[in-house]
Amino acid sequence: MKKTTLIIGAGGVGRVVVHKCAMNADVFGNIVLASRTKSKCDSIAREIKDVEIKTAAIDADNTQELVNLIQEIQADIVINVALPYQDLTIMDACIETGVDYLDTANYEHPDEAKFEYKEQWKKDEAFKKAGIMGLLGSGFDPGVTNVFCAYAQKHYFDTIETIDILDCNAGDHGYAFATNFNPEINLREVSANGRYWENGKWIETEPMEIKMVWDYPEVGPKDSYLLYHEEMESLVKHIKGLKRIRFFMTFGESYLTHMKCLQNVGMLGIEPIEHQGQKIVPMEFLKTLLPDPASLGPRTKGKTNIGIVAEGIKDGKKRKVYIYQVSDHEKCFAEVNSQAVSYTTGVPAMIGAKLMLEKVWYKKGVWNMEEFDPDPFMQELNRQGLPWQIKELEL
Ligand code: NDP
């Protein structure tokens, strides 16, 4: 029987997921896009020529509304590409209706700049009881980076001792300052303290305290800064024998100077402040001022390169392996009207959902990406627009 796929969130990532699901309509069946602003869903739906995309307005903070919509359209899977704030309400609606769930970012509370899997992992029992699957973090990072780690573990190592996740966006959109995805989520992540894991402990750093230069294939050498990133929380649990894991992201001088300045004047605050008799949240006001990430697509030139470097032991010998994926902003835009940051998130979301619907990746409960066989996912990356490379590095 034809399946029904519900996609929630009509932002940059949502647009890519809709395009890619439509290209795989034999698996996704009827496709419904629901978001807070229905007109945004309609405008994405109009871009898809040969597959009908139905649209709906939804407040994804409201579990009952979600339950009603899921039941009305008889969804088989919910792909959550709204914001991390909605993860728990959408998961609850999936439990109540007995429908599988996937997202690309772990839960964050709107009033606390802290992201972790705890609240979502707690729902494992309820997912098992409801007989459904939840796949967490099926974007690029988290997502593909977790799968790269699982692939390295399966094919290249007996034990992985260290992992560095290396995320480079060398795209240029021509603005002095803009964020490539939701500004609030992006700036909260980047302005937080850094953190990495070594010998069983988390070590905290000041924001941007640790910097290295990495030579990214097809991009060149770039300043890369240590950040905390959510996939590390699950990878330290699931990659056995791991001694250290770090995450680095590239930032240009201009981005960092703007961010520092905005931070110094309080524009990154998430507490409401009094302004001329009104309460405003500085970060939300800043979001209103900044360019909509979705509008960066036609302006962005250059490449992204995201990958992992794993070092460890195989057959008693040390080795170091680099797995990475390079995307080109302009090519992504030509294909799905979105720049590479949305593209590299939306394609893996579609692939995760495809493998779930095909029951290639299917286990009841709540899971992270590295808990599945990486091979089918790696094959799909090559087929669906995210070809990857693997290199043996000198020790
Ligand atoms: P956008 O801000 O562009 O889009 C979010 C969409 O969700 C908007 O359409 C917004 O509606 C909608 N939305 C927000 N709140 C609600 C609500 N309460 N009810 C219904 N709809 C709502 O974000 P992106 O597309 O850039 O990012 C989407 C997700 O992908 C985020 O969770 C982000 O963290 C994640 N991400 C993951 C990455 C990865 O590699 N794993 C990388 C990049 C992003 P409206 O249009 O009305 O505001």
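Helices and strands are DSSP runs, numbered from the N terminus; a helix has at least four residues and a strand at least two. In this predicted model, methionine 208 falls in the loop that links strand 11 (201–205) to strand 12 (211–216). Its backbone stands out. Methionine 208 is not a glycine, yet its phi is positive, at about 60°. Most residues other than glycine have a negative phi. Methionine 208 is also buried, because its relative accessible area of 17% is under the 20% limit.

Lysine 359 sits in the loop between helix 14 (340–357) and strand 19 (365–368). A further backbone feature concerns a peptide bond. Most peptide bonds are trans. The bond from aspartate 141 to proline 142 is cis, with omega near 10°. Proline 142 belongs to the loop between strand 8 (133–136) and helix 8 (144–155).

The ligand site was examined next. A polar backbone atom of phenylalanine 140 is 3.0 Å from a ligand oxygen. For alanine 10, a polar backbone atom lies 3.2 Å from an oxygen atom of the ligand.

Alanine 10 counts as buried, because its relative accessibility of 12% is under 20%. The C-alpha atoms of alanine 10 and lysine 40 are 6.0 Å apart. In sequence, alanine 10 and lysine 40 are separated by 30 residues.

The search of the whole structure found one cavity of 30 Å³ or more. The volume of the largest cavity is about 30 Å³. Its lining consists of Gly12, Arg15, Ala294, Asn337, Ser338, Gln339 and Ser342. By class, the lining has one nonpolar, five polar and one charged residue. Arg15, one of the lining residues, is in helix 1 (residues 12–23). Arginine 15 is buried, because its relative accessible area of 12% is under 20%. The side chain of arginine 15 makes a polar contact of 2.9 Å with the side chain of glutamate 47.

The second largest pocket contains about 190 Å³ of space. Its lining is made up of Glu218, Lys303, Gln325, Val326, Ser327, Asp328, Lys331, Cys332, Glu335, Tyr343, Gly385 and Pro387. These residues divide into four nonpolar, three polar and five charged. At least two lining residues come from each of strand 18 (317–328) and helix 13 (329–336). Strand 18 contributes the most, with four residues.

Isoleucine 185 is in helix 9 (residues 183–191). With a relative accessible area of 10%, isoleucine 185 is buried, because the value is under 20%. Isoleucine 185 and methionine 283 are 98 residues apart in sequence. Their C-alpha atoms are 9.9 Å apart in space. Glutamate 371 occupies the loop between strand 19 and helix 15 (374–383). Its relative accessibility is 25%, between the limits of 20% and 50%, so glutamate 371 counts as partly exposed. Glutamate 371 and glycine 297 are 74 residues apart in sequence. The C-alpha distance between glutamate 371 and glycine 297 is 33 Å.

Methods:
Residues numbered from 1 in each chain as written. Predicted model: local features only at pLDDT ≥ 70, side-chain atom pairs only at ≥ 80, totals over all residues. Heavy atoms only, no water. 1 Å grid on protein atoms, 1.4 Å probe; cavity = no way out; pocket = protein on both sides within 12 Å on 5 of 7 lines; lining within 4 Å. Points joined across faces, edges and corners; volume = space filled by probe spheres on them. Nonpolar A, V, L, I, M, F, W, Y, C, P; charged D, E, K, R; others polar. Polar contact = N/O pair within 3.5 Å; in protein donor to acceptor, adjacent residues only side chain to side chain. Buried < 20%, exposed > 50% of the residue type's maximum accessible area, 1.4 Å probe, protein only.
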